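Okay, thanks for having me, everyone. Let me put the model up and then we can walk through it together.

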Amino acid sequence: AYKVVDVFVRMAGGSTALGVLLLAFLVRLAILPLSRKQMESQRRMQAIQPQIKALQEEYATDQQKFQSEFWKLCQENKCNPLGGCLPMLIQMPILIFLYRGIRDYIVQFEGARFLWIANLAQPDLLLLILYTLSMIAFQKLAAQNQPMADPQQAQQQKMMMWMMPLMFFFFFQSFPAAFILYWLGSNVIYFGEQALYMRRRASAAAEKAVAEKAVAARPQGKSAGGFMAALAEAAK
């Protein structure tokens with residue numbers, strides 16, 4: 001664990017803080033395929049919300065039947081309500097390994113400064129507050145992108161959105177700033193991934209709308225070449 005942290009610090013030109021952030025970036029890059037699948041699953045979950053509400057109304061008095069039909073609907077639309085947990089679960093062993101590495105590397109972090117942080121080997125309250133806010137935003141984004149079908153589960157999800165970050169806030173008060181910096185950096189990178197994904201989805205939706213408009217405007221009997229030229233013109 002010590003050697004892994006040392007390699008990334010060396011790659012960052014000897015800067016311990018940049019080494020930690022570089023490690024966060026590469027870990028997020030490694031699990032990017034899982035994150036993409038998670039985002040796609042969340043998008044599909046949002047798309048079937050009207051059908052889920054219809055199932056809730058139809059089986060309001062039969063929770064077991066509702067759960068059965070709900071999971072069948074998810075399978076038909078290739079979405080997993082629990083898919084958002086997978087990237088986080090995969091990161092947990094990495095976080096434990098990294099924490100060990102930072103503890104072993106603590107002498108090199110001693111006295112290392114970064115922005116307002118005076119010592120990466122010691123706790124930093126402002127950094128911890130920023131991390132807690134990022135966790136609240138993370139939980140809120142997850143709840144927004146992947147709403148629960150069951151009202152009771154939705155209420156529990158809302159409670160966890162606040163309880164988990166607050167629990168981490170008190171639990172991590174004695175942790176070195178270097179470890180909190182890693183997790184804060186990982187959350188910020190994840191928000192960037194979400195923003196890029198949403199931007200690409202919006203761009204794809206706009207292109208699809210233009211193509212459909214071009215098809216609708218094509219005169220009957222128009223040649224394929226003329227249609228493609230009209231489509232290219234519409235895209236411009």
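Before the aromatics, a definition: I call two rings of Phe, Tyr or Trp (its six-membered ring) a pair if their centres lie within 6.5 Å, with planes under 30 degrees apart counting as stacked, over 60 as edge-to-face and the rest as tilted. This is a predicted model, so local features need pLDDT of at least 70 and side-chain atom pairs count only at pLDDT 80 or more, while totals for chains, interfaces and linings use all residues. Residues are numbered from 1 along each chain as its sequence is written, and side-chain values use heavy atoms, with hydrogens and water left out.

So, how many aromatic pairs does the structure hold? The count is 17. Take Tyr99 and Phe179: the ring centres sit 5.5 Å apart with the planes at 80°, so that's edge-to-face. Tyr99 belongs to helix α6 (residues 85-104) and Phe179 to helix α10 (residues 177-217), so this pair ties together parts 80 residues apart in sequence. Helices, by the way, are DSSP runs of H or I, at least four residues, numbered from the N terminus.

Buried or exposed, then, for Phe179? Buried, at 4% relative accessible area; the cut-offs are under 20% for buried, over 50% for exposed and partly exposed in between, with a 1.4 Å probe and protein chains only. Tyr99, at 25%, counts as partly exposed. Phe179 also pairs edge-to-face with Phe172, 5.9 Å centre to centre and 75° between the planes, and Phe172 is buried too. Tyr99, Phe172 and Phe179 belong to one aromatic cluster, which also takes in Tyr131, Phe168, Phe171, Phe175 and Trp183.

Now over to helix α1, residues 2-11, where the buried residues are Val5, Asp6, Phe8 and Val9. Looking down the axis, they fall within an arc of 165° (taken from the directions from the axis to the C-beta atoms), so they line one face of the helix. Lys3, Arg10 and Met11 are exposed on the other side. Just after α1, Gly13 has a positive phi of about 75°.

There's a salt bridge here as well, meaning a side-chain nitrogen of Lys or Arg within 4 Å of a carboxyl oxygen of Asp or Glu. Which residues make it? Arg10 and Asp6, at 2.8 Å, N to O. They're 4 residues apart in α1, so about one helical turn separates them. Arg10 is exposed at 63%, whereas Asp6 is buried at 16%. By that rule, the count is 1 salt bridge.

Definitions and conventions. Helix = DSSP H or I, 4+ residues; strand = E, 2+ residues; numbered from the N terminus.
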